[in-house]
Amino acid sequence: MKKTLLRSQEFTCPSCIAKIEKALKAVDGVADARVYFNTGKIEIIHDPEKVQAPELIEVVKSVGYTASESAF
């Protein structure tokens, strides 16, 4: 498993967070996803053989938010 960190500053409410987490957790290969409202951090634990950061970014975009890879 690998941890990927993404950044987004578009969260405005708890339902935004829930929407992003739900979309990411539905991806094959994603074991867990956590969105941190105060920091804009999205932490994803995933199988790198099944899904990579560019695909995870596209999932976030598909539910209406922007994201970029970040080292924090």
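These are my notebook entries on a predicted model.

**Ground rules.** I number residues from 1 along each chain as its sequence is written. The model is predicted, so local features need pLDDT of at least 70 and side-chain atom pairs count only at pLDDT 80 or more, while totals for chains, interfaces and linings use all residues; side-chain values use heavy atoms, with hydrogens and water left out.

**The sheet.** I looked up the strand order and got β2-β3-β1-β4, an open sheet of four strands with antiparallel pairing. At the edges I found β2 (30-36) and β4 (68-69), each pairing on one side only. Strands here are DSSP runs of E, at least two residues, and helices are runs of H or I, at least four, numbered from the N terminus. Two strands pair if DSSP finds at least two bridges between them. Between β1 (residues 2-7) and β3 (residues 41-46) I found six bridges. Which residue in β3 is the bridge partner of Leu6? It's Ile42.

**The helices.** Helix α1 (residues 14-25) lies across β2 and β3, at about 165° to β2. Helix α2 (residues 53-62) lies across β1, β2, β3 and β4, at about 45° to β1. Contact means heavy atoms within 4.5 Å. Angles run from 0 to 180 degrees between N-to-C directions, with axes fitted to C-alpha atoms, for helices over the stretch in contact.

**Gly64.** I found Gly64 in the loop between α2 and β4. Buried or exposed? Gly64 counts as exposed because its relative accessibility is 55% (buried is under 20% relative accessible area, exposed over 50%, partly exposed in between, with a 1.4 Å probe and protein chains only). From Leu6, Gly64 is 58 residues away in sequence and 15 Å away in space, C-alpha to C-alpha.
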